[in-house]
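Please open the structure in your viewer and keep the selection tool at hand. The tour moves from one selection to the next, and says at each stop what is there.

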Amino acid sequence: MTLNQFVHKSQHPIVATKLSQLRDKDQSSKTVRELTHDLSLLLGYEASFNIELKQGPQLFSGYGTYSSMEIRQKVGLVPVLRSGLSFVEGFLNLFPEAPVYHLGIYREKISHQPVEYYNNLPDKPDIDICYVLDPVIATGNTAVATVNMLKDWGLLGSQIKFVTMVASEQGLAQLQKEHDDIHIYLAAIDKALDSNGYINPGIGDSGNRLWNTI
């Protein structure tokens with residue numbers, strides 16, 4: 001498939017290795033959570049490579065003074081419930097002061113269309129960069145709906161970075177078509193999407209595997 005300049009597929013061997021381990025259906029929920037946490041850190045590192053810096057105060061190392069560096073932009077995290085919660089801890093390790101705004105969206109079983117059931121975004125955006133956290137882009141419907149909500153909230157596409165582990169070609173193409181101005185960071189792109197809207201091979205049902213539910 002054709003990827004635009006805003007799609008960033010990781011080329012890191014550790015990302016590939018951990019994703020391969022995560023795909024194994026026999027991993028325990030504990031291991032799934034640990035691998036997902038590791039991948040969130042690695043993908044978060046890649047998705048923040050060009051974040052802006054500013055000079056902070058002069059500090060003392062113990063041997064001499066130096067000019068400290070700080071992140072200029074205010075970062076916010078938007079996990080898509082429920083599996084997006086698995087990315088939050090990793091991103092908070094990178095951005096410990098980031099506000100976390102939850103969006104609850106589920107996929108209706110027959111139509112595969114997104115249904116919003118929870119939204120705690122404040123009245124107006126108070127962040128410069130928004131990281132959308134959702135481990136899977138399957139049909140693309142939920143991803144598109146999420147970005148629609150953030151743009152309706154008042155964010156520009158240039159302020160939105162969508163971070164996921166696995167996307168189907170179909171879902172990624174739809175997200176690119178509807179929102180060609182956002183950056184997308186991911187570990188893998190899988191070709192197939194079955195009749196139930198699940199990615200093949202994918203990583204299984206992410207939420208059920210993370211939280212040990214059926």
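**Before you start.** This is a predicted model, in which local features need pLDDT of at least 70 and side-chain atom pairs count only at pLDDT 80 or more, while totals for chains, interfaces and linings use all residues. Residues are numbered from 1 along each chain as its sequence is written, and side-chain values use heavy atoms, with hydrogens and water left out. Helices (H or I, at least four residues) and strands (E, at least two) are DSSP runs, numbered from the N terminus.

**Stop 1: strand β9.** Select residues 160-163, which make up strand β9, where I160 and F162 point one way, K161 and V163 point the other way, and all are buried. Here buried means under 20% relative accessible area, exposed means over 50%, and partly exposed lies in between, with a 1.4 Å probe and protein chains only. In a regular strand the side chains alternate between the two faces of the sheet.

**Stop 2: strand β11 and its partners.** Next select residues 183-186, strand β11, which pairs with β9 in the parallel sense over three bridges. Two places to look at are V163, which stands opposite Y185 in β11, and K161, which stands opposite H183 in β11. The side chains of H183 and Y185 point one way from β11, those of I184 and L186 point the other way, and all of these residues are buried. Strand β1 (residues 7-9) also pairs with β11, in the parallel sense and over three bridges, and the bridge partner of H8 in β11 is Y185.

**Stop 3: an open sheet of three strands.** Select β8, β10 and β12, which form an open sheet in the order β8-β10-β12 with parallel pairing. Because β8 and β12 stand at the edges, each with a single partner strand, one side of each is left without a neighbour in the sheet. Three bridges join β10 to β12, and A167 stands opposite I189 in β12.

**Stop 4: helix α1.** Select residues 13-23, helix α1, and then pick out V15, L19 and L22, which are its buried residues. Seen down the axis of α1, these buried residues fall within an arc of 55°, so they line one face of the helix; the arc is that of the directions from the helix axis to the C-beta atoms. The buried residues of α1 pack against α2, β10 (166-168), β12 (188-190) and α6, where contact means heavy atoms within 4.5 Å.

Stop 5: On a 1 Å grid over the protein atoms alone, a cavity is a set of points where a 1.4 Å probe fits but cannot get out, and a pocket is an open set with protein on both sides within 12 Å along at least five of seven lines, lining residues having an atom within 4 Å of a point. Grid points are joined across faces, edges and corners, and a volume is the space filled by probe spheres set on the points.

**Stop 6: the largest pocket.** Select S83, R107, Y198, D205 and S206, which lie nearest the centre of the largest pocket among the 33 residues that line it. The elements that give two or more residues to this lining are β4 (75-81), β5 (103-107), β8 (136-137), α4 (141-153) and α6 (206-211). The pocket has a volume of about 850 Å³.

**Stop 7: backbone details.** Finally, select L81 and R82, whose peptide bond is cis with omega near 5°; R82 is found in the loop between β4 and α3 (88-94). The peptide bond from N200 to P201 is also cis, with omega near 5°, and P201 lies in the loop between β14 (199-200) and α6. End at N212, in the segment after α6, which has a positive phi of about 60° although it is not a glycine.

Conventions:
Pairing = 2+ DSSP bridges.
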